[in-house]
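I opened this entry to look up how the parts of the chain meet. The notes below follow the order in which I checked things.

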Amino acid sequence: MARIELEHKRTWFVRLAEWGSRRKYGEVLDPGKAALHNRRVLTTMLMLEGSAARWNKLDPGLKALAVMATSARIGCSWCMDFGYWEFHHQDVDQAKLRDVPVWRDSYVYSDLERAVMDYAEAMTATPPEVTDEQAERLRADLTDEQLVELTAAVSLENYRSRTNAALGLTSQGFKEYCDLRPVQ
């Protein structure tokens, strides 16, 4: 149950924000509803997400696994649900998405994918537990530009997942609609 009210007075700004979310995702996202309590926070979130959506140096499948491993480690059910839906529609292998919570015991991942998820979990620990060996392992397959993008993607997912978990946001049922294409 959300720890903050998700319903708002029907101002022009609220209606505009809800319209934009419905247009892009088919429904109003709960993190957006929460952020509507502070217009500057919402604006910053939208700008950050819009900018991050244009990062394109890292393989999208690796980025998806890093993001999902981060939200699984934090325990954000909203992020796991939405992430599965989002990455499913980016054609990331469903078996890989499904096995993220148990990736260490799964046979579906390559060595690089395992290294990416290990790095994401190490970054997510408090305090971070990233080792020189983990970074060097990734640098064997990734450029510095890709490693920086991977690190930033994990950091951004820490922000999302920790915010959503702290506000008590839980799954909105996106995973159930994976046979549907996202609204464009």
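I count a salt bridge when a side-chain nitrogen of Lys or Arg lies within 4 Å of a carboxyl oxygen of Asp or Glu. I looked for such pairs first and noted that the model is a predicted one.

Entry 1, the salt bridge. I found the side chains of Glu49 and Arg160 joined, with N to O at 2.7 Å. This distance falls within the 4 Å cut-off, so the pair qualifies as a salt bridge. Between domain 1 and domain 2 the count is one salt bridge. I also looked up polar contacts between domain 1 and domain 2 and got one residue pair, both residues at pLDDT 80 or more.

Entry 2, the elements involved. On the side of domain 1 that touches domain 2, I listed the elements giving two or more residues: α2 (30-35) and α3 (39-52). The largest share, four residues, comes from α3. I sorted this side of domain 1 by class and got seven nonpolar, no polar and two charged residues.

I took domain 1 as 12-54 and domain 2 as 60-167. Their centres, taken over C-alpha atoms, are 23 Å apart. Nine residues from domain 1 and eight residues from domain 2 take part in the contact.

I read about 720 Å² buried between domain 1 and domain 2, with 72% of it on carbon and sulfur atoms. Which three residues supply more than any other three of the area that domain 1 buries against domain 2? I found Tyr25, Pro31 and Glu49, which supply 47% of that area. Glu49 is also the residue I had noted in the salt bridge with Arg160.

Key: Residues are numbered from 1 along each chain as its sequence is written. This is a predicted model: local features need pLDDT of at least 70, side-chain atom pairs count only at pLDDT 80 or more; totals for chains, interfaces and linings use all residues. Side-chain values use heavy atoms; hydrogens and water are left out. Domain bounds come from an automatic or database domain assignment. Contact means heavy atoms within 4.5 Å. Buried area is the accessible area (1.4 Å probe) that two parts lose on being put together, summed over both. A polar contact is a pair of N or O atoms within 3.5 Å; within protein, one must be able to donate a hydrogen and the other to accept it, and residues adjacent in sequence count only if both atoms are side-chain atoms. Ala, Val, Leu, Ile, Met, Phe, Trp, Tyr, Cys and Pro count as nonpolar, Asp, Glu, Lys and Arg as charged, and the others, Gly among them, as polar.
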